[in-house]
Amino acid sequence: MLEIKNISKTFNPGTVNEKVALDDVSLTLEDGDFVTVIGGNGAGKSTLLNAIAGVWPVDWGQILIDGQDVTRLSEHKRAAFLGRVFQDPMNGTAATMGIEENLALALRRGTLRTLRSGIKNHEREAYRELLSKLGLGLENRLTSKVGLLSGGQRQALTLLMATLKKPKLLLLDEHTAALDPKTAAKVLETTDMIVNRDRLTTLMITHNMKDAIVHGNRLIMMMEGKIILDIRGEEKKKLTVEDLLHKFEEVSGEEFTNDKAILG
Amino acid sequence: MNIMSLVNALPGAVAQGLIWGIMAIGVYITYRILDIADLTVDGTLCTGGAVCIMALMSGQNIWVAMLAGTLAGMLAGLATGLLHTFMGIPAILSGILTQLGLYSINLKIMGKSNQAVNVDKYDLLVSLRYIRDVPFYRNTILVVLVAIILLILILYWFFGTELGCSLRATGCNDRMARAQGINTDFCRVLGLMLSNGLVALSGALLSQYQGFADINMGRGAIVIGLAAVIIGEAVFGKIFHNFGFRLLGVVLGSIIYYLVVQVVIWLGIDTDLLKLLSAVVVAIFLAIPTWKSRYFTKPVRRGGKQ
């Protein structure tokens, strides 16, 4: 489904702020894989997702989605294959537009936007039904401006938008990090529901080791722009936080010092 | 201070306000929808007027002349758009660069700094002579009003289409727009072309109305446009929620601006100070949202539950 071959990215090359964000990373995802990504600050997790999404070109390497080389495709063209949810709830939606308008924008992802009507009547029924499944009462507020919604509601809506048109790959960039624990749990539950229902291939960054272990069928850990751990299958199912910390020390030769990742 | 002289001047102020209202709609598209302060318009207004007047003088029909003026404005918008997207120059600088370049282009279009047409020799659509003592269907106020209603209906339709929605999404949150597969660069260029086309159309009408095109006619246009947008929102924002009515509010804001200017002139203020006055008024209105949030918000008590 997703094949990443030896990609590298250095920010601000040749300056004092030079930072190797991705260092010869390779990763292959099978159809239906749900991979959680963990690692400390600056480990390259978000950079990896941005590289796949095409926010900027990579310095080196190749990215294939479903066998198609997308390395040189611009961000908006790649969007046809991708569903994305960002860390900041403000980033995923258009605040001054209505809930239904946001969904209508998402439904047209990957199609040529023409002078046809931006939202058709029959779409509204479908949106209402999908929104009611979120259990947030949004189904009765179709025309409300998204700016009026809470962070959790916006993330749930963004998740719905990202998957409204089934993406080949779903990219979740710490999408619960900005939410309070209860809302975060609810959004994660919704994530599981949608991913399992549509059998979506998913990459989910999280700062919470427990979440990373509980969700998905595969876990990767990143450090200094490299993937240092890749655990899957039966081994992933039996994994505990202690195991993970132990493995981390084994691989990296240092103690895991990011409290946020342990306690979160 | 003869009150009748003010009353007599009001229809002219309304006509002028309506013509500038088209310009203000153009500013609304960039400033409010695309979230770009586009300074190209100071040059585009004259370009529209210059092309229209020169086309008329070369014997073109008035409709062809106005269409040519509008298209010239769209080209100016295209230039700013490409400077901004293709060449990566900040939007505000792109607008300034195009505006500066347009000064020369406008001079070349007209051949000198001012070109006049005689209303008796040409079949003009609008003129300050067509305010009174003409059949009602030739009245400039009615003609421009009809044009504005048509324009608002077209824009209302357009911003409801898939393409129009993607323009709105680009202005609201370009990161989200790209994630949803919208070509944000294309949308910005298209929006700038649309906006500058409208501004040039306004310039074409204005030059007919006053009977000449002048190299300085667009100076400070962006400020007048912003004033119209801000006045329109301040006065009608609470009652007009529908997009079409918001555009109408902007036009009404422009009319209010010109009525106020007329009153100020009638009060006998030195007209040299008019632009300074406009700048100060717009600056204050632009500051209001900041002042409101900084000085007039009640502090929220945190941690009340503990």
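Student: Which residues in α9(B) meet α11(B)?
Tutor: B:V223, B:I224, B:L226, B:A227, B:I230 and B:A234 in α9(B) meet B:S278, B:A279, B:V281, B:V282, B:F285 and B:L286 in α11(B). Contact here requires C-beta atoms, placed from the backbone, to lie within 7 Å. This is a predicted model, where local features need pLDDT of at least 70 and side-chain atom pairs count only at pLDDT 80 or more, while totals for chains, interfaces and linings use all residues. Residues are numbered from 1 along each chain as its sequence is written, with chains lettered from A and ligands numbered from 1 in the order in which they are written.

Student: At what angle do the axes of α9 and α11 of chain B cross?
Tutor: At roughly 45 degrees, and the axes come within 10 Å. The axes are lines fitted to C-alpha atoms over the stretch in contact, with angles from 0 to 180 degrees between N-to-C directions.

Student: Switching topic: how many residues of chain A are in contact with chain B?
Tutor: 25 residues of chain A are in contact with 20 residues of chain B. On the chain A side, α3(A) gives the most, with four residues. Helices are DSSP runs of H or I, at least four residues, numbered from the N terminus.

Student: And what is the make-up of that side of chain A?
Tutor: Nine nonpolar, nine polar and seven charged residues.

Student: What comes just after α9(A)?
Tutor: A:G253, which takes a positive phi of about 75 degrees.

How values were computed: Two residues are in contact if their C-beta atoms, placed from the backbone, lie within 7 Å. Helices (H or I, at least four residues) and strands (E, at least two) are DSSP runs, numbered from the N terminus. Ala, Val, Leu, Ile, Met, Phe, Trp, Tyr, Cys and Pro count as nonpolar, Asp, Glu, Lys and Arg as charged, and the others, Gly among them, as polar.
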